[in-house]
There are 2 protein chains.
Amino acid sequence: MFKVKVLTIGKCKEAWLVEALAEYEKRLKGTLSLEWSLAKNDAQLLDWLEQEPFYILLDPKGEQLASEDLSGKLIRFFTQQGSRLVFAIGGAEGFPPQASKRASYILSLSKLTFTHQITRLILVEQLYRSLEIEKGSNYHK
Amino acid sequence: MFKVKVLTIGKCKEAWLVEALAEYEKRLKGTLSLEWSLAKNDAQLLDWLEQEPFYILLDPKGEQLASEDLSGKLIRFFTQQGSRLVFAIGGAEGFPPQASKRASYILSLSKLTFTHQITRLILVEQLYRSLEIEKGSNYHK
């Protein structure tokens, strides 16, 4: 059983996002459990990150990977980290240098700017996709 | 008033996607109208594309742009094309060479593979974002 904690800012008020995330969480049930920690502001998010020895930042300045490569990387990280990973999604301006400097890995989803909501959805779908790639299922083809 | 036609494959059966797209279409009302043409299969999608003199493919092999640059490019395309643009989203294997060769522009959203549903959502959000960037609003900051 994998565990993923996602640290991010804001509320999940959009009904469509709640539904979309629930759909992927249902598919991940028994394999990966997700915990969302929603910070009130940047300062709180940074406080939380300081307590994490290992975390992956989602930031446009990070590395871009194809889904197959992301899958391989995440599986290695899960193995190294006792099946538990922490992700952080920053605000519109990205992360301050101290958070980037301490990050274990910085992942970029795209050169495009996405909303927080869409970023959360992409992250969850890529987690699901990564595990399906590892299993060799037909989901990713 | 801008007009965008999106040619893609499949149905829109997920309730969350219907809701999310409706949210952006509401925001775009009066500025941009969206028309979705859902093909039954690749062959039909290719047939439709052959009838289009100018179309933009969404394909991982395309060019990646930051949202600001995408905005500038889309506004130029709208100006050249009488405010009307056609986009095409391919299947899991992308487009056959004849569709790519005839494409007016090939845009990549990411190195990652996304689902059709998420691709549709990203496209609509980027259309909205492009117009907000052009307007100079606070949406994109």
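**Close-up views of a predicted two-chain model**

Figure 1. A:Ser83 counts as partly exposed, because 13 C-beta neighbours lie inside 10 Å. The model shown here and in the following views is predicted. A:Ser83 belongs to the loop that connects helix H3 (67-80) with strand E4 of chain A. Its phi is positive, about 70°, although the residue is not a glycine. Most residues other than glycine have a negative phi. In chain B, the loop between helix H3 (67-80) and strand E4 (84-89) holds B:Ser83. B:Ser83 also has a positive phi of about 70° and is not a glycine. With 13 C-beta neighbours inside 10 Å, B:Ser83 is likewise classed as partly exposed.

**Figure 2. Surroundings of Phe2 in chain A.** A:Phe2 lies in strand E1, which covers residues 2-9 of chain A. When neighbours within four places in sequence are left aside, the contacts of A:Phe2 are A:Thr31, A:Leu32, A:Phe78 and A:Ser83. A:Phe78 stands 76 residues away from A:Phe2 along the chain, yet the C-alpha atoms of the two are separated by 7.4 Å.

**Figure 3. Parallel pairing of strand E3 in chain A.** Strand E3 of chain A comprises residues 56-63 and runs parallel to strand E4 (residues 84-89), to which three bridges join it. Within this pair, A:Ile56 is placed opposite A:Phe87 of E4(A). E3(A) also pairs with strand E5 (residues 105-107) of chain A, again in the parallel sense, through four bridges. Here A:Leu58 has A:Leu107 of E5(A) opposite.

**Figure 4. The largest nonpolar core.** This core contains 69 residues, and the members that touch the most others are A:Phe87, A:Ala88 and B:Ala88. A:Phe87 is the residue that faces A:Ile56 across the strand pair. Not counting residues up to four places away in sequence, A:Ala88 touches A:Leu7, A:Thr8, A:Leu45, A:Leu49, A:Tyr55, A:Leu57 and A:Leu58. One of these, A:Leu58, stands opposite A:Leu107 in E5(A).

**Figure 5. Helix H5 of chain A and the residue that follows.** Helix H5 of chain A spans residues 116-135, 20 residues in total. From its first C-alpha to its last, the helix reaches 29 Å, close to the 28 Å expected at 1.5 Å a residue. H5(A) is mostly covered, with 15 of its 20 residues buried. Just after the helix comes A:Gly136, whose phi is positive at about 75°.

**Figure 6. The contact between chains A and B.** Chain A gives 24 residues to the contact and chain B gives 25 residues. On the side of chain A that touches chain B, helix H1 (15-28), H3 and H5 each supply at least two residues. The residues on this side of chain A comprise twelve nonpolar, seven polar and five charged. Of the interface residues of chain A, 100% are also interface residues in chain B, so the copies meet through the same surface.

**Figure 7. The relation between the two copies.** Chain A is superposed on chain B by a rotation of 180° with 0.0 Å of shift along the axis, at an RMSD of 0.0 Å. This is the relation of a two-fold axis.

Notes
Residues are numbered from 1 along each chain as its sequence is written. Chains are lettered from A and ligands numbered from 1 in the order in which they are written. This is a predicted model: local features need pLDDT of at least 70, side-chain atom pairs count only at pLDDT 80 or more; totals for chains, interfaces and linings use all residues. Two strands pair if DSSP finds at least two bridges between them. Copies are superposed by least squares on the C-alpha atoms of residues with pLDDT of at least 70 in both. Two residues are in contact if their C-beta atoms, placed from the backbone, lie within 7 Å. The expected span of a helix is 1.5 Å times one less than its number of residues. A residue is buried if 20 or more other C-beta atoms lie within 10 Å of its own, exposed if 12 or fewer, and partly exposed in between; C-beta atoms are placed from the backbone. Ala, Val, Leu, Ile, Met, Phe, Trp, Tyr, Cys and Pro count as nonpolar, Asp, Glu, Lys and Arg as charged, and the others, Gly among them, as polar. A nonpolar core is a set of buried Ala, Val, Leu, Ile, Met, Phe, Trp, Tyr and Cys residues joined through C-beta atoms within 7 Å.
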